[in-house]
Amino acid sequence: MRCVVTGCAGFVGSTLSEYLLAAGYEVLGIDSFVDYYPRRIKEANLERARSFAKFAFVETDLQSASLEELFGGAESIFHLAAQAGVRASWGDDFRIYTGNNILASQRVLEAARSSRVKETLKKIVYASSSSVYGHAETLPTIETLRPQPISPYGVSKLAAEHLMVLYTKEFGVPTASLRYFTVYGPRQRPDMAFHRFIKAGLLGEPIELYDDGEQSRDFTFINDAVAATAAAANAQTPGVVCNIGGGSRVTINEVIREIGDILGSPLKVRRQARQSGDAKHTSADTSLAAREFGYKPQVALKEGLRAEAVWIEEMLKCGVLD
Ligand SMILES: NC(=O)c1ccc[n+]([C@@H]2O[C@H](COP(=O)([O-])OP(=O)(O)OC[C@H]3O[C@@H](n4cnc5c(N)ncnc54)[C@H](O)[C@@H]3O)[C@@H](O)[C@H]2O)c1
């Protein structure tokens, strides 16, 4: 049982790699260490996976690597590599997003349809995003609602999702796409809100809050996202696209209060203007994921925030975060 995890040094990819290794899979991890955030954080993410004998790591860029060779013999390919982040996707840097999110995904699919890879491949699971919806017109949102992304990042994630569906229809490449709704927990990327809030709280610094804080999100704990990703390898419908959410919608103001409670003192808030590309509300209808592969989120927000706070404290102590 061999699988490939692209983006294996990132937040979700490193946690997924460990989950698969613990379940007995042989894992080939691929990552190019894009400089969206520091390499030392990604090296720390990878440490535990590297302690497994069944883990192999290749540092390479999906845009140029010999993917047929790397994918040969794999049963599942979990395609998580991407240029993350909504706010940085405007302007000249969109070139990076088209490369790492669209062109790289197309190369993954081309390799998957080669006879060498097709022979053993049961599924490509692609990490899509709730950002494809933009300002969703109905909440909770179902997958059939027309996606209308409001950021170039969302456009790039949707383009790759369309490629997944297209290669399934046209060439029979078995894919499943998961629209993750804001994933949080240990190893969360340093640009993401909970990470910034908890770190600032621990250091006694003020947090920057964009908009009025009444924007709300469906937050998904990392272990739930990872369990869903592994289970999606067993999805029934070819080319299926499923929401993966945490099961409840919470405002940012509520999260700020919750973090203050966990840390033992309220966060100091500095308000900033709304950022272009940020959706006002997100909420996932996850009944399709439940039907396709038994998805059921398990971890409540308070418990998940506590786990993230413990991790950030540890990483600050050992100097991985500063
Ligand atoms: N974290 C979330 O809340 C969230 C929400 C929705 C969707 N997603 C998607 O989930 C996936 C994982 O997100 P994350 O938060 O772990 O991000 P991350 O930035 O921590 O991990 C992505 C990894 O991909 C690697 N990568 C990027 N381009 C590459 C390339 N061309 N070749 C090889 N490696 C490359 C990066 O170096 C990085 O380590 C991404 O596809 C992201 O779009 C994440």
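Two strands pair if DSSP finds at least two bridges between them. Helices (H or I, at least four residues) and strands (E, at least two) are DSSP runs, numbered from the N terminus. The model is predicted: local features need pLDDT of at least 70, side-chain atom pairs count only at pLDDT 80 or more, and totals for chains, interfaces and linings use all residues. Residue numbers start from 1 along each chain as its sequence is written.

| Strands | Bridges | Direction |
|---|---|---|
| Strand 1 (residues 2–6) and strand 2 | five | parallel |
| Strand 2 and strand 3 (residues 55–59) | five | parallel |

Leu28 in strand 2 is the bridge partner of Val4, and Asp31 stands opposite Glu59 in strand 3. From strand 2 the chain crosses through helix 2 (residues 39–50) to strand 3 in a right-handed β-α-β crossover. Right-handed here means that, with the strands pointing away from the viewer, the path from the first strand over the helix to the second runs clockwise. Strand 1, helix 1 and strand 2 also form a right-handed β-α-β unit.

Strand 2 is largely enclosed by the rest of the structure, because five of its six residues are buried (20 or more other C-beta atoms within 10 Å of their own, C-beta atoms being placed from the backbone).

The ligand is surrounded by 31 residues, the closest being Gly7, Gly10, Phe11, Ala82 and Ala127; a residue counts if its C-beta atom, placed from the backbone, lies within 6 Å. Helix 1 (11–22), strand 2 (26–31), helix 4 (94–112) and strand 5 (123–129) each supply at least two residues of this shell, and helix 1 gives the most, with three.

Note on methods:
A residue is buried if 20 or more other C-beta atoms lie within 10 Å of its own, exposed if 12 or fewer, and partly exposed in between; C-beta atoms are placed from the backbone.
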